[in-house]
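Here are some notes from going through the model, as numbered points. Have it open alongside while you read.

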Amino acid sequence: RMFHDDELEESEKFYVGQPRVLLLIYALYNTLVARSEMVCYFVIILNHMISASMITLVLPILIFLWAMLSVPRPSKRFWMTAIVYTEVAIVIKYFFQFGFFPWNKYVDYTKDKPYHPPNIIGIEKKEGYVHYDLVQLLALFFHRSILKCHGLWDEDEKGDSSSNKDDTDDELSLTGGRRDSSASLKSVNLAASVESIHVHFPEQQTAIRRKSSSSVSQLSHRSSFSSHRSKRGKCHGMDLKSKDSTLQVYVPIRQFFYNLIHPDYSAVTDVYVLMFLADTVDFIIIVFGFWAFGKHSAAADITSSLSEDQVPEAFLVMVLIQFGTMVVDRALYLKKTVMGKVIFQVILVFGIHFWMFFILPGVTERKFSQNTVAQLWYFVKCVYFGLSAYQIRCGYPTRVLGNFLTKSYNYVNLFLFQGFRLVPFLTELRAVMDWVWTDTTLSLSSWICVEDIYAHIFILKCWRESEKRYPQPRGQKKKKVVKYGMGGMIIVLLICIVWFPLLFMSLIKSVAGITNKPLDVSITITLGGYQPIFTMSAQQSQLKDLNQTGFNAFLGSYRGNTAALQFLEGYGKEDITLADLEGNSNSLWTISPPSREKMIQGLLDFSAEFTVVLSWSIQRTLETVYPYYIKAPSDSLAKPIKQLLTGTYCRWENITVSLVKNVSEEGVREWWVLNQLGKRYKTSEESLELFIFSDKVSPPSLGFLAGYGIMGLYASVVLVIGKFVREFFSGISHSIMFEELPNVDRILKLCTDIFLVRETGELELEEDLYAKLIFLYRSPETMIKWTREKT
């Protein structure tokens with residue numbers, strides 16, 4: 001064999017014979033080596049998420065606006081900048097850890113203040129202040145060693161030195177006869193960049209050749225430059241010296257972005273789907289963790305806020321900004337403008353970092369490093385920034401055809417595509433945006449018509465492909481697996497939908513219900529509508545729980561009363577509260593003398609009716625004097641329990657009412673004293689007993705759904721879902737012509753051809769193909785010919 005080596009073969013055998021755990025470690029290490037660049041990015045971003053200071057802010061911005069935009073990879077200059085900057089940051093943080101600085105004397109008081117200057121800068125005194133910086137430096141040196149091993153560390157210098165070999169003595173004369181290679185290179189590149197800015201950029205018809213990110217200031221069009229440099233060297237020598245420092249910064253940056261926007265070649269790619277998914281994840285984080293972006297809202301949740309018709313401002317701002325960036329990103333993708341994407345990337349990188357690390361801590365009144373939800377949102381946004389940089393570096397695709405879910409015809413794409421179309425307004429919004437930012441001669445209604453036909457044909461194509469993969473022999477009955485699998489699942493689903501409200505309301509309180517004990521029990525008694533004669537409330541120690549012995553005795557007293565036992569079946573001892581109300585009214589009886597005399601006359605007249613009104617949550621007239629048992633449901637309406645107050649076991653209790661007078665120097669004071677006669681727990685002093693049965697309530701997390709009640713759930717869930725199910729089972733006969741198509745390949749190809757000619761700018765042909773598609777759907781005979789099986 002050619003290139004046979006015994007040692008290499010023995011090495012391969014030795015490697016294959018190693019344990020799998022060791023092979024896994026080797027594979028993980030090789031993955032780490034292959035992606036050491038991404039490891040450095042991850043460590044730098046993680047360091048900034050935890051530190052969240054101005055010192056650590058510089059490198060993440062440089063990653064998204066320099067390193068990830070460099071072609072084909074970040075230059076040695078970037079990695080040296082990152083290494084030196086990390087070392088300087090470590091030294092600065094170490095220097096400011098000494099205790100003689102004034103702000104280090106009150107560390108415990110200022111450590112959680114987001115706008116404390118040392119916290120913003122990143123020079124505060126704290127434990128482990130340099131741990132992540134050391135890990136970052138270690139990752140950078142590890143990547144540097146990998147580049148050195150592969151000979152990629154000094155490739156920029158080799159490229160520069162090779163280009164300098166072609167330079168003549170004219171380049172040396174421009175620098176005053178200096179022979180130093182680095183100084184000559186610096187002067188030549190600077191002069192070339194200045195010349196290219198003032199002379200060559202307007203004249204260039206093609207983009208500047210791009211080799212790597214380090215060649216952004218190399219010489220372009222050397223022959224044109226040589227004809228002009230002697231004059232410019234004499235006339236503007238002093239001017240170049242005065243602008244030397246400014247141009248050294250401005251010119252490479254301008255040249256870098258110019259080469260980025262106007263590449264001579266590009267490896268076209270399409271990562272819009274991944275960017276959209278990253279934005280979607282950020283959108284979900286905002287919705288379910290919106291409280292992390294607002295002030296004094298750590299205990300709030302979006303369902304409770306929306307149920308109270310309150311839209312938090314922080315939630316609204318974040319949602320609108322996130323949605324707006326997704327719309328702009330879609331527009332840039334459809335227009336395929338790299339310049340717009342670069343501008344959008346720069347604005348987003350600076351804007352997001354300014355918002356997250358300078359504005360948000362002031363809004364939430366806590367540091368970014370203490371806001372876990374904001375850290376997660378920022379990390380996902382960094383993934384989006386990386387994908388955007390990769391899209392800019394490679395360039396947008398020249399053809400954008402159809403939906404990314406329609407690239408293959410299988411069950412996964414079918415169900416994902418149908419789920420995509422079920423999202424409210426997403427299909428409509430996408431269709432309108434595509435029509436706005438795509439060159440076409442079709443009207444909006446025609447565009448939507450083509451999209452709908454394409455979606456319908458794609459779904460039919462998926463079903464036809466599935467029928468080919470799993471053919472059904474002619475004359476053979478359906479298998480029981482299919483019938484009981486699909487049919488049984490549909491039957492169970494329909495039954496669950498019909499009975500869902502009843503099951504939900506029953507289980508939510510019996511299984512997951514929470515006992516809602518009363519905190520205050522108040523009694524007010526009024527005679528004939530006059531001034532209340534008695535007001536009293538029971539709180540805290542006066543509200544007692546029943547033990548198991550008392551509860552069993554309570555149940556035993558109603559043995560034989562079916563209605564009462566049926567009612568008590570739904571309650572446990574933890575649901576019953578005994579309220580012990582003191583018999584003395586807690587307020588003086590302040591009634592006017594005329595009303596007092598009128599009330600006495602009414603009480604003495606036995607032929608006339610005289611009502612006694614007892615109120616707890618609302619006032620109501622009782623047929624008997626005092627209810628012993630009151631039910632406290634989930635709403636605010638408390639009422640007597642009729643099952644325990646009727647029949648042989650009636651527990652309506654009588655009370656004695658007496659007026660007490662107290663004569664003193666201050667005058668006569670009167671108040672009423674009530675005493676219950678039949679009390680279960682005997683007490684010597686005047687008092688009232690009241691049993692409160694508290695209904696269980698749904699957990700707070702499900703309160704928004706349980707609050708609608710059974711009828712509300714039937715109206716909102718069963719009827720709505722039933723409407724969609726009915727549409728699936730009815731009206732099928734009207735769609736047979738467009739549903740039962742044996743072969744849809746020709747129609748699918750026609751739709752794809754419309755997309756293709758639109759992308760190539762053949763707008764007249766687009767009109768012709770659209771007219772052909774409309775004619776096809778208007779002519780049943782032609783549709784039959786087009787959709788026949790191929791023979």
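1. A cut-off to start with: buried means under 20% relative accessible area, exposed means over 50%, and partly exposed is what lies in between. Glu124, with a relative accessible area of 10%, is therefore buried. Keep in mind throughout that this is a predicted model.

2. Glu124 also has a salt-bridge partner: Lys126, with the closest N and O atoms 3.5 Å apart.

3. Now the overall picture. The chain has 791 residues, and 39% of them count as buried. Its secondary structure comes to 32 helices and 13 strands. If you take contacts between residues at least 6 apart in sequence, 73% of them join residues at least 24 apart. The chain exposes about 46400 Å², with carbon and sulfur atoms supplying 61% of that area.

4. How many salt bridges does the structure hold? The count is 18. One of them brings together the side chains of Lys93 and Asp133, at 2.9 Å from N to O. That pair links distant parts of the chain, since Lys93 belongs to helix H5 (residues 76-95) and Asp133 to helix H8 (residues 131-149), 40 residues apart. Are these two residues buried or exposed? Lys93 is buried, and Asp133 is too.

5. Another one to look at is Glu451 with Arg430, whose side chains meet in a salt bridge at 3.9 Å, N to O. This pair also links distant parts of the chain: Glu451 sits in helix H22 (residues 444-469) and Arg430 in helix H21 (residues 426-436), 21 residues apart. Glu451 has a relative accessible area of 18%, so it is buried. Arg430 counts as buried because its relative accessibility is 18%.

6. On to the surface, with the nonpolar side chains. Ile491, Ile495, Val498, Trp499, Leu502 and Leu503 form a nonpolar patch there, and together they have about 560 Å² of accessible area. Leu503 is placed in helix H23 (residues 480-510). How exposed is Leu503? A relative accessible area of 48% makes Leu503 partly exposed.

7. Asp5, Asp6, Glu7 and Glu10 gather in a patch of negative charge on the surface. Of these residues, Glu10 has its place in helix H1 (residues 6-16).

8. Last, a residue in a strand. Ser687 lies in strand E12, which covers residues 687-694. Why does Ser687 count as buried? Because its relative accessibility is 3%, and the cut-off for buried is under 20%. Which residues does Ser687 touch, leaving out those up to four places away in sequence? The list runs through Asp580, Leu581, Glu582 and Gly583, then Leu674, Asn675, Gln676 and Lys679.

Notes: Residues are numbered from 1 along each chain as its sequence is written. This is a predicted model: local features need pLDDT of at least 70, side-chain atom pairs count only at pLDDT 80 or more; totals for chains, interfaces and linings use all residues. Side-chain values use heavy atoms; hydrogens and water are left out. Patches are made of residues with over 30% relative accessible area and no salt bridge: like charges are joined within 9 Å, nonpolar side chains (Val, Leu, Ile, Met, Phe, Trp, Tyr) within 5 Å. Accessible areas come from the Shrake-Rupley method with a 1.4 Å probe; for residues, only the protein chains shown count as cover. A salt bridge is a side-chain nitrogen of Lys or Arg within 4 Å of a carboxyl oxygen of Asp or Glu. Lys and Arg count as positive and Asp and Glu as negative; His and the chain ends are not counted. The place of a charge is taken as NZ of Lys, CZ of Arg, CG of Asp or CD of Glu. Helices (H or I, at least four residues) and strands (E, at least two) are DSSP runs, numbered from the N terminus. Buried means under 20% relative accessible area, exposed over 50%, partly exposed in between (1.4 Å probe, protein chains only). Contact means heavy atoms within 4.5 Å.
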